[in-house]
Amino acid sequence: MSASLRQELNVLGLPLDGIQLIEASAGTGKTFTIALLYVRLVLGHDARVAACRGRSFSPAELVVLTFTDAAAGELRDRIRARLSEAALAFSISHSDDPYLQALIDDYAHDDHAIAAQRLRDAEQRLDEAEIGTIHSWCLRVLQQHAFASGSLFQQRLRSDVDSLRLQVVRDVWRQWFYGQSPALLGVIHRIWPSPDALDKSLKPLLDAPQAALCHGDKQPGGQYWQAILATYERQLTKRSQDAKALWQAWLADGQTVTDLLLAEKRFNARSIDVDVLAALPELMRAWQGEGELDAKHSRPMLKTLAKYFAPADDGRSFLAHKVKVAHVMPEHPLIDQTTAFIKAAIGEVQFKIDLLTALRQEVGHQLDMQLREAAELTFDDVLTRLYEALHGESGEAFAALLRQRFPVALIDEFQDTDPIQFGIFQRLYQHADAQALILIGDPKQAIYSFRGADLPTYFAARALASRPIHTLLTNFRTDASVIAGINHFYREAMQREGGAFAQTGSDELIYDDAKAHQVNSRLHEFKEGKWSPVLGVQIEWQSQAELMSSGIARKQLAEQTAQRIAGWLNASDHGELMISEHAQRRALGPGDIAVLVRKGIEAKAMREALSRVGVPCVYGSDRDSVFASSEAEAVQYWLEAMASPSDERRLRLSLATAPLGLSWQTLQACRDDEAMWERELERVHRLALVWRRHGVLAALRQWLFAHDVPARLLHPDRVDGERALTNILHIAELLQQAATHLHGEQALIRYLAEQRSGQGTRAGEEALVRLESDERRVRIVTVHQSKGLEYPVVCLPFSAMPSLPPKFASTRYHRDGQLIVDLGPDDAAKALAKREQLEEELRLFYVAVTRAKYLLWMAVAPVAQGNSQTRVGDHTAWQWLFAGHQALTPEALSAGMEALLGARELCSLVPAPASQWQPQACDDALLPAREFAPLHQPFWQIASYSRLRFQAATQSPSEANFLDEPAAEIASVVDVTTPAGASIAAPSIPAPSALPRGAAVGTFWHSLLELAAEQQFASSADNLAVLDAALERQCQAHGWQAAMPVWQQDIRRWLSRSLNTEYSTLNARSQAAAVALAGTGLADLQQFMVEMEFWFSSDAVSTRSLDAVVNAHTLAQRRRPEAESQHLDGLFKGFIDLVFVHEGRYYVADYKSNYLGEEIDNYHPECLAADIAKHRYDMQYSLYLLALHRHLRARLADYDPERHLGGAVYIYLRGWNGEGHGVHIERPETALVDALDALFIGTGAMP
């Protein structure tokens, strides 16, 4: 593409209509650009119209799409922040951001307030915005427009389709092939030995439904499967008949023909093996004319016949071409018959391609039907269904509806699109001038062809986009020194025909020099007595190295890289290598370094090399499953041993696993020492019993400790021990969770095996590997995983390793924009596939070198291609740079590297000296807490005891402290007057019927006792005067003057009575508490707190579970009303009437004004227990004890609930006589508060 058609983006001047394409190089701020374009769209900013007043859009009208959930989340956060920032800037008419200030300047001052309000509204309504992945948006469109799209209203997204597809393949295998003839089954079995092999062949075809299938120049015939099988079976039958006839002819005339051929030495002995010719009659006799079925005889036999008798292009056989001069090829009917038989050989090629095409169609159809019946969609189905709906009979009306609803779409990472995805958006926006489709991508980073990404589709979209194509070239990520080195490399590569990326048509993919926003280097080294910036691109070229094989080179390059990293870390520890960030310097740590690899074997070599030099590392990304780890295999062996404890072979295999770390000598001793072996057998039988009784998690934990695995793995000498132990424990927890819906040990082992093989239903997000200490390790990451990420220091050890294409790559290529899957590619097709593979390798190299922020380090060595001594670095960027499409020789590599390293932008290094990293001792400070992502709760609330509901309760919990009867008039009042200062005898309790009842009375009594507590429950004249004054005011306010003399006496009695109760009704623990409190009254309390308030969180607490715990630990399991089913999410609060300390124990106390009857015996402890059960006060004081337990645990350094928690004291004021009536005391087991504590933090049992 010519430079005149490309233009650096002016983000404030980009037209916001039509199809606009922005090509953003690595690190140039795509997310920043998208967020600013979003602000413009909300404002309606259009630089082409007067006052920049174009059409403004609400968040609900704007679609912002990308390819991953993580990227979508980042986009949403950045857009929200940008809207907030812009709103603030417009409200004060100023911003330090030049882009926002330019926006402000484009509007009149009177419009600033309107713009600010519009931006604030958009920020508040951003949850309505369609910001997500393409697949999630397509799914919502299908569901929300079910009638227009012909979809169901509710459909589930199925992420794992492998198991279902394999089931469908097996069904089709049975339907099509069972009952076929042995001859036909023999051919099918040669092509696909099993349904699993067929599934393996079909998977890439089903994953690329847009791909055309062929076999060289042969195309699918398009026949129905039954016709395909019938046609081929007829051919096999005729072939078998011809073979029988040929065999019989050879039996009759074979020796004659052989003698005729060998006579007169007519053939060149160096070209013809006369011994093979002489043995033909015997071979043919053993053949027995079994056509092409007998693998032992027929196929070798046919190869021999084909070699000698197959006709060449001129019609003559191989033998005829090898006859010596002056001799002639003998003639015989058997020779002609054999030649004709070989010529008529049935090729399996056409049969295979026809049958595979039919199978692809049938399996795809049945898979689609099963998914539809289950109301499920795969990720591919989501796109396909929407594409079909938009291109169907009512497609134009549906497209118009979506255009009206979503007039603007911004799509990030568009280089990873495919024909279906682009077909959707092309249908919506291509001919809609009033709408806008803004595409943002970088074709230089198109590296996901194996996932269906299609670069030709991107180029087709680019051809439709408005001109000019906009570019982003300023890199905000990387230091100028690194960018200068990369620019130099690509300027050299752009000199090649096809450009830096070997792209067909060199103008399709152009590298424009990147511009550095970060001018100063941020990595410095102390050298020659001063700090100097480190040159950003360093290449360690082994100029004196001999040609190496791939295996040797892999090990040597890994060692070289490990030594270099260890040297950096040692220099950093000695204060000689520092990173300068935000005006501060810090040491370079392992977590700042990333090693990029292509394959697992390279990652393994790097892990071993780093481990040898003492550098901790971690391989993978945050999307790796723990089931893919080597520890998962070890756990499977352990479970198999425990599931079959009498199987000695399984036990020996489990003991040989790596985490146990047993030496060969120990294993041999275990085998030879009968007593040691008996101990192992006894132990595994015991663990098997633990598994059956307590679950797999308990069994695995005991297995670990029985074999000292934690101590071994966490030994300081083990670099990766923490990771291994974490993986084992993680797997154990996942297995315990899976065991809840699996039956038996073998089912759980099968589940683990399926997860390891990838055939089972995936475990989901909870199976992802996570370890906080990974942040302090060197990261070994594949280039594909690194895309979109950045690292301070990037190492590329294996960039010169020959890159062999994936197994399917040789059969995949594009022709005229169409993806072709070629089962039998000819040389031209192989060349096309090889070229496309080279193009992707060059794009992968670009992704790799653009991940570095401060330093890019590469190792280059002459690595042979296979056994070749003249070819190195096949399919690498170095081959393309120094040799183009020609083979790269060691001499060309050496000359090219010498010339390249002569540039001042690059730094040439010699191999680092051997070193071992010895990290300096430091305290293991906690890592920063991870950011909490709150889960959506169905109903968050602040709950309390009064909010709980109980079945068959005669009293509302809201009246827990009061009477359930309305206030009644006083029938009679005992007229008692007491002279001031006179002492009051303790008469018998007045008749209960003489006292008022009701909630107001209960509240009043509580307030009096609170006031008494403020006076330390003292009975002095001054204190009593204060209480009498309060009593008089309340009685006058409520019209209770007649009751005032009686309540004056009651107050004095309450302050003098002890907390005595009957012991006979109590259990041993409660009796002990009652004995301790005997003779103690309120006035005797020295330490207490009135109306203690408490709050604690409740995480999906089931009231049924809460009720079960309380019932099991209180009131001797007395029957009581059941709690209604509720779930408590949020906070739980309450107020405890009185908390006091007596003899070192802490008690909760509550006053009750309940009326239980006329007689004092109505307030006997047994009656109180019945009333407490009736009104569920047991639930109340259990929650109070939990609050007190948590409070003491946080406040007392030596807290022990058995020693410090006293229990609950409930005082029924109407019957409290100090002689055993009116007081209920209970001290539950500590198991009560432990169970409640676990329940409220979400670890307790839930029904």
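The structure is a predicted model, in which local features need pLDDT of at least 70, side-chain atom pairs count only at pLDDT 80 or more, and totals for chains, interfaces and linings use all residues. Residues are numbered from 1 along each chain as its sequence is written, and side-chain values use heavy atoms, with hydrogens and water left out.

**Sheet**

- Seen in the order S1-S10-S2-S9-S8-S3-S4, 7 strands form an open sheet with parallel pairing; strands are DSSP runs (E, at least two residues), numbered from the N terminus, and two of them pair if DSSP finds at least two bridges between them.
- Strand S1 (6-8) and strand S4 (130-133) are the edge strands, each pairing on one side only.
- Strand S2 (residues 18-24) runs parallel to strand S10 (residues 469-472), and 3 bridges join them.
- Leucine 472 in S10 stands opposite alanine 24.

**Two buried residues**

- Arginine 564 belongs to helix H22 (residues 550-573), helices being DSSP runs of H or I with at least four residues.
- Arginine 564 has a relative accessible area of 14% and is therefore buried (buried means under 20%, exposed over 50%, partly exposed in between, with a 1.4 Å probe and protein chains only).
- Not counting residues up to four places away in sequence, arginine 564 touches Glu540, Trp857, Leu909, Val910, Pro911 and Ala912, where contact means heavy atoms within 4.5 Å.
- Tyrosine 813, in strand S22 (residues 812-815), is buried at 1% relative accessibility.
- Beyond its neighbours within four places in sequence, tyrosine 813 contacts residues including Cys214, Ile820, Ala829 and Glu836.
- Between tyrosine 813 and glutamine 837 there are 24 residues in sequence and 8.9 Å in space, C-alpha to C-alpha.

**Salt bridges**

- The count is 60 salt bridges, each a side-chain nitrogen of Lys or Arg within 4 Å of a carboxyl oxygen of Asp or Glu.
- Arginine 55 and glutamate 61 form one of them, with the closest N and O atoms 3.1 Å apart; arginine 55 is partly exposed at 48% relative accessibility.
- Arginine 125 and glutamate 128 meet in another (3.3 Å, N to O); arginine 125 is partly exposed at 36%, as is glutamate 128 at 42%.
- In the salt bridge of arginine 871 with aspartate 874, the closest N and O atoms are 2.3 Å apart; arginine 871 is partly exposed at 30%, whereas aspartate 874 is buried at 4%.
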